[in-house]
Amino acid sequence: MILELGGFVVGLSILLVGADRTVRSAAELALYYGVSNFFVGVTVVSIGTSIPEMTTSLYAAYYGAGDLVVGNIVGSETAQITLGIGIVALISPIVAERKNVLVYGGAMLLSMIIMILTLEDGITRSEGILMMLAYAIFIHDLYSNEGGEEITEEVIEEQEPPKRTIPWVLFGLLLVVVGGQVMVTNGVALATLLGIPPYLVGILTGLGTTAPEIVVAGIAARSGRSGISVGSLLGSNITDPVFSLGIGALVADVTLSDPESVTMSVSYMLFVSLIVIAVLYWRRGIDRRSAIGCLLLYLPSFIVL
């Protein structure tokens, strides 16, 4: 058991380090070409910080651990929208335009609903492809409607050139792949030894794999780049339910051993997401007082597991 626990911790650590290196280098690469902060947050950073969830989904699906796949996504989503938003707002109050909250918050909620609707009967390979395709269309429309204009208006200089950032992106991805394989295999073995439901292991793993989102968003908030901060958190919560989950289904059908047992945790994920998005829209952001409320919303997530 000690060996499995050690392997799980080592795998998670490698995964997080690799994700962090990948995200930082990818963000520098995007900024080198003058992409705006919010666009970077919703696309490059949110996709990059979701690499742990994607990798976990791939390996867990390969090993037939559908409960771990879904638990990881639900745990990550819940942690990001409550714990992540709360920590970032404590560092620097979040200011958000209602238009962005409506568009991206709505897309986030729609992504969660799509995930919930597919869980009962399991996610097949064809459904996984459709989920990934829907996400690709969303990114394309985002770039078509906003990306081009923002790129011409916000050219950011003095960034590392591509010849320096691209190798770091590839190295970070390598660490993520290795770390994901070590974490998932040892996580499943540990759950079996302790008699812990794999879904619960997935929830706790989701808290670990969401660390890159929280760290990157916190750093962005502290440095005054609120666009990256808010965009990455909302963007990751769009990426994970459809793309990260869909990519796992490409390897093998993602099915739950007992779909009814996850109803409470999935419902709570959607409930807290509605609350936070409503506050973001109504108050045009999250101040430090509201941030404390977001942090408190995370605590019941352990009760409804």
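Reply: Asn 237 has a relative accessibility of 0% and therefore counts as buried (under 20% relative accessible area, with exposed over 50% and partly exposed in between, using a 1.4 Å probe and protein chains only). This is a predicted model, in which local features need pLDDT of at least 70, side-chain atom pairs count only at pLDDT 80 or more, and totals for chains, interfaces and linings use all residues. Residues are numbered from 1 along each chain as its sequence is written, and side-chain values use heavy atoms, with hydrogens and water left out.

Asn 237 lies in helix 10 (residues 226-249); helices are DSSP runs of H or I with at least four residues, numbered from the N terminus. Apart from neighbours within four places in sequence, Asn 237 contacts Glu 77, Gln 80, Ile 81, Met 108, Ser 111 and Met 112, contact meaning heavy atoms within 4.5 Å.

Helix 5 (residues 98-119) in turn meets helix 11 (residues 263-282): their axes come within 10 Å and cross at roughly 170°. These axes are lines fitted to C-alpha atoms over the stretch in contact, and angles run from 0 to 180 degrees between N-to-C directions. Helix 5 and helix 11 are therefore roughly antiparallel, the term for angles over 145 degrees. Among the residues making this contact are Met 108 and Met 112 of helix 5, together with Ser 273 and Ile 277 of helix 11. The contact residues comprise 17 nonpolar, two polar and one charged; Ala, Val, Leu, Ile, Met, Phe, Trp, Tyr, Cys and Pro count as nonpolar, Asp, Glu, Lys and Arg as charged, and the others, including Gly, as polar.

Technical notes:
Helices (H or I, at least four residues) and strands (E, at least two) are DSSP runs, numbered from the N terminus. Angles under 35 degrees count as roughly parallel, over 145 as roughly antiparallel, 65 to 115 as roughly perpendicular and the rest as oblique.
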